[in-house]
Amino acid sequence: MIALILKDIATLKKTLLLTVAISIALAVYGIYTNEIFMVPLICAMIPLILTAIAFGYDNKSSFEQFAFSMPIKKSSYVLSKLFFAFSFGMVGTICIFVLLMTKNQMSLNNIVFISLITLMASILMSAIQLPFILKYGAEKGRLIMVITYFLIFALSTLLKEKSDFLAKLMEMLSKNSMSMICLGIIVISVIIIGITIKLSIMIMDKKEY
């Protein structure tokens with residue numbers, strides 16, 4: 001798996017350097033303007049782009065046919081595609097932890113949970129993307145992902161308009177502590193990530209090279 005990760009880093013070297021520079025600039029701007037939410041947002045979105053580009057290069061060079069003629073596990077290939085999400089997620093987690101500790105407005109437990117949610121969000125977004133790209137290819141997969149996220153955005157906008165639903169939801173959540181809510185989000189994220197990875201491996205197993 002390490003060799004597969006190094007291959008993606010080498011393939012995306014120039015893109016990666018430019019992306020990291022832009023990410024740092026946006027994160028610094030977000031922190032400077034007190035818009036901390038930009039940090040997890042960047043850490044979730046940038047890996048999506050990098051992973052999609054890596055799949056594009058793999059398809060263009062028929063890398064999968066070459067790789068699976070050797071004793072490379074398909075599970076290793078799938079997990080290697082989550083490297084960028086994990087790396088950006090870890091950086092985002094550390095940044096959020098330090099920023100929230102500096103502000104000193106929350107308990108340590110809540111800061112830890114929110115930092116972990118940043119990591120989960122980064123991996124979750126890329127993990128959801130994997131089955132689509134592996135099933136339909138890089139271009140169609142990206143298109144389906146865009147449509148999926150658009151539908152999610154449209155649904156969230158619709159729910160916002162349904163003030164009664166949100167009021168009931170907020171009332172229900174307010175009965176639980178913030179730590180419990182964060183813990184629930186983390187557990188659900190881990191379950192979804194596990195399901196998408198398993199699904200991705202199953203799709204890879206059904207492919208013939």
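This is a predicted model: local features need pLDDT of at least 70, side-chain atom pairs count only at pLDDT 80 or more; totals for chains, interfaces and linings use all residues.
Local features here need pLDDT of at least 70 and side-chain atom pairs count only at pLDDT 80 or more, while totals for chains, interfaces and linings use all residues. Residues are numbered from 1 along each chain as its sequence is written, and side-chain values use heavy atoms, leaving out hydrogens and water.

Reader: Which residues of helix α1 are buried?
Author: Helices (H or I, at least four residues) are DSSP runs, numbered from the N terminus. Buried means under 20% relative accessible area, exposed over 50%, with a 1.4 Å probe and protein chains only. In α1, which spans residues 2–11, the buried residues are Leu-4, Ile-5, Lys-7 and Asp-8.

Reader: Is Thr-196 buried or exposed, by its relative accessibility?
Author: Thr-196 is placed in helix α10, residues 178–206. With contact meaning heavy atoms within 4.5 Å, Thr-196 touches Ala-127, Ile-128 and Pro-131, not counting residues up to four places away in sequence. At 9% relative accessibility, Thr-196 counts as buried.

Reader: How far apart are the end C-alpha atoms of residues 111–134?
Author: An unreviewed UniProt entry annotates several spans as "transmembrane region", including residues 111–134; such annotations may be inferred rather than shown by experiment. Over residues 111–134 the chain is 100% helix and 0% strand, and the end C-alpha separation is 35 Å.

Notes
Helices (H or I, at least four residues) and strands (E, at least two) are DSSP runs, numbered from the N terminus.
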